[in-house]
Protein chains: 2
Amino acid sequence: MRIEGRHYRSIWPSEDGRGVLVIDQTKLPFAFALKRLETMTEAAEAIRSMVVRGAPLIGATAAYGVALAMRVDPSDDHLAHAIATLGATRPTAVNLHWALQRMGRVLRAVSSSEREERAFAEAAFICDEDVDCCRAIGEHGARIIAQIAARKDARPVNILTHCNAGWLATVDWGTALAPIYRAHDQGINVHVWVDETRPRSQGAALTAFELGAHGVPHTVIVDNAGGHLMQEGEVDLCIVGSDRTAANGDVANKIGTYLKALAAHDNGVPFYVALPFSTIDWSIADGVRDIPIEERAAREVTHMTGRAEDGALHTIEVVAPGSLAANPAFDVTPARLITGLITERGVAPASREGLLSLYPERAAA
Amino acid sequence: MRIEGRHYRSIWPSEDGRGVLVIDQTKLPFAFALKRLETMTEAAEAIRSMVVRGAPLIGATAAYGVALAMRVDPSDDHLAHAIATLGATRPTAVNLHWALQRMGRVLRAVSSSEREERAFAEAAFICDEDVDCCRAIGEHGARIIAQIAARKDARPVNILTHCNAGWLATVDWGTALAPIYRAHDQGINVHVWVDETRPRSQGAALTAFELGAHGVPHTVIVDNAGGHLMQEGEVDLCIVGSDRTAANGDVANKIGTYLKALAAHDNGVPFYVALPFSTIDWSIADGVRDIPIEERAAREVTHMTGRAEDGALHTIEVVAPGSLAANPAFDVTPARLITGLITERGVAPASREGLLSLYPERAAA
């Protein structure tokens with residue numbers, strides 16, 4: 001993606017080969033700052049503190065975290081330690097474990113002297129693969145948008161999205177936003193309703209920033225507003241991302257996604273989930289029952305950070321003093337509420353059969 | 001309600017008889033400040049700027065606004081002007097128009113020399129009637145909570161509420177919170193999930209403040225979280241208020257109510273709406289189609305105010321600079337998603353028949 005005329009990915013190795021650079025997403029949208037990760041511990045902390053976030057980018061960062069660990073000590077023990085440490089950072093996004101398992105498999109197959117180079121190469125490969133997946137998701141999803149546009153006589157196609165599943169959540173392009181970027185670039189008149197996405201406001205902070213930088217028309221709304229807009233006919237389709245997709249098509253995504261899926265279903269609005277294969281957890285047969293949901297700090301609910309009139313970032317209390325807060329970070333949308341899954345291989349129903357139609361090699365597994 | 005040992009209503013005439021005192025709700029929860037309204041224009045501005053809010057309190061404030069106008073000039077023209085000015089402050093809450101019509105009817109029936117005294121008396125009567133209604137709503141609703149408590153073996157009854165329909169939204173007791181206060185005072189183990197209620201955060205600011213002051217256990221959650229909690233069996237019932245109830249049982253309430261009603265329906269959680277008769281708009285046959293929805297300033301979405309570490313209130317920007325925002329303030333929950341309406345006369349299904357069973361005198365109308 002382009003920021004002020006320059007192309008960026010959300011993660012890349014530094015030129016000196018000794019670190020990894022990421023965009024510090026806790027500083028957006030008010031500052032665009034890079035952060036250099038030099039050790040596995042720093043990579044783990046970047047994931048935990050959400051300097052980087054978004055299921056695909058978490059996977060990519062974990063892969064580079066293993067590479068940084070191999071630069072210091074390529075032993076079997078240290079490899080196991082790195083995988084365990086990085087794997088404990090966040091519980092819901094399955095790409096994390098997918099990337100770590102892949103790194104472990106590749107690195108255990110080579111001698112320790114080869115591991116550093118092999119690890120950086122594999123992490124780069126994971127990143128390139130994610131970009132390819134997201135580009136393909138964009139192509140498949142843009143066709144859905146084009147079909148709706150054809151019925152709208154040049155009036156904008158209104159698309160609602162929740163949280164940030166854009167290029168900042170992946171290595172480039174995004175999942176849910178990739179079809180929107182592609183459609184916009186093709187000249188289709190799109191307008192995006194951006195859910196604020198409390199408590200961390202990734203919609204208002206990151207999705208609005210991304211869409212603004214790319215010139216895509218959009219309007220930020222509070223998370224409460226989407227149902228009303230659907231009742232009023234102001235939403236033509238919803239596209240969201242996924243942190244983990246169960247084998248039955250249930251989708252864990254940012255808290256509140258389920259509410260929008262219910263509203264879409266109640267109003268006959270198509271509800272799509274865009275995801276690369278790496279978010280599918282074939283080991284989970286029932287997502288609503290079995291996907292673990294991260295509980296994050298209450299302070300994310302009770303406090304907010306933003307830019308004050310003096311131009312500096314301030315953190316303010318927004319809950320009555322003394323009141324407790326709870327902060328489940330994800331919910332699971334049952335497959336029955338999902339119109340279709342958009343993956344790098346195409347679009348399929350959110351069901352075991354639908355997923356197997358795209359990934360037939362899994363039927364034998 | 002008691003605040004630090006002293007009993008308060010949310011509005012009352014000043015001792016010198018020349019003004020009306022209200023609690024400045026824009027300062028809560030960080031400061032408990034009274035505001036004196038001395039003119040009709042100040043009363044109108046207090047409603048518009050949400051110094052006072054909540055459908056019943058808006059009605060009571062409008063009634064006192066008419067009384068303040070009569071003190072200055074009790075002519076027919078000025079009465080009509082006061083009713084028109086106050087009636088234009090906010091579009092969705094029907095109590096506003098109900099109270100103004102009532103004041104107009106009463107005052108036009110007496111000579112101008114009697115109007116000031118009569119107006120203050122009628123405004124006081126409207127306030128007392130609201131307190132009685134809310135107390136009765138509390139009794140009827142507490143029986144529903146007691147029935148659920150009987151199945152829970154002393155484990156807490158978990159009640160989700162949205163926005164603030166407590167004593168701050170009425171003259172005393174509240175609508176949705178009245179049954180909770182009553183049940184708590186009866187010794188029933190209740191715990192309240194308090195929806196933050198963006199953009200103005202009346203849940204996190206006002207409901208949490210009220211419940212904390214009364215000692216009711218509660219936990220603040222973002223508006224996105226309620227559906228997940230229902231999926232997990234963590235919500236036993238929902239109770240919300242109403243800004244306008246159509247004759248068919250459709251309910252306009254704070255934006256996002258509809259999403260919670262959908263989630264309750266999807267998970268078999270009872271969803272009740274508590275309201276006094278004054279929020280029923282018998283002239284509206286189809287609430288989803290015909291209740292007007294207020295669009296408020298985008299700045300309520302793009303900025304937030306809270307207490308910074310220095311103890312002072314600060315306003316911060318929370319949306320990407322340059323992005324637009326939309327701010328519909330209410331949505332309409334279709335009657336089919338509502339388990340029952342709790343009014344001062346008892347509990348009935350959300351339907352024309354249900355409402356007429358409580359208000360049979362309306363069947364002839």
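Let me start with the sheet. It is an open sheet of eight strands, and the order is E19(A)-E18(A)-E12(A)-E9(A)-E6(A)-E7(A)-E8(A)-E16(B), with mixed pairing. At the edges are strand E19 (346-348) of chain A and strand E16 (324-325) of chain B, each pairing on one side only. Keep in mind that this is a predicted model.

Now the place where the chains meet in this sheet. Strand E8 (residues 218-221) of chain A and E16(B) run parallel and are joined by two bridges. In one of these pairings, Thr219(A) has Leu324(B) in E16(B) as its bridge partner.

Next, the helices on the sheet. Helix H6 (residues 177-185) of chain A packs there and touches strand E6 (157-161), strand E7 (190-195) and strand E9 (237-240) of chain A. The direction of H6 makes about 155° with that of E7(A). Helix H9 (residues 257-267) of chain A also packs on the sheet, touching E6, E7, E9 and strand E12 (271-274) of chain A. For H9, the angle with the direction of E12(A) is about 145°.

Let me move to chain B and one residue, Asp172(B). It is in the loop between strand E6 (157-161) and helix H6 (177-185) of chain B. Is Asp172(B) buried or exposed? Its relative accessible area is 4%, under the 20% cut-off, so Asp172(B) counts as buried.

What is around it? Beyond its neighbours within four places in sequence, Asp172(B) contacts Met1(B), His7(B), Tyr8(B), Arg9(B), Asp130(B), Val131(B), Cys134(B) and Trp167(B). Met1(B) is 171 residues away in sequence, yet the C-alpha to C-alpha separation from Asp172(B) is 6.4 Å. With His7(B), the side chain of Asp172(B) makes a side-chain polar contact at 3.0 Å.

Technical notes:
Residues numbered from 1 in each chain as written. Chains lettered and ligands numbered in written order. Predicted model: local features only at pLDDT ≥ 70, side-chain atom pairs only at ≥ 80, totals over all residues. Heavy atoms only, no water. Helix = DSSP H or I, 4+ residues; strand = E, 2+ residues; numbered from the N terminus. Buried < 20%, exposed > 50% of the residue type's maximum accessible area, 1.4 Å probe, protein only. Contact = heavy atoms within 4.5 Å. Polar contact = N/O pair within 3.5 Å; in protein donor to acceptor, adjacent residues only side chain to side chain. Pairing = 2+ DSSP bridges. Axes fitted to C-alpha atoms, helices over the stretch in contact; angles between N-to-C directions.
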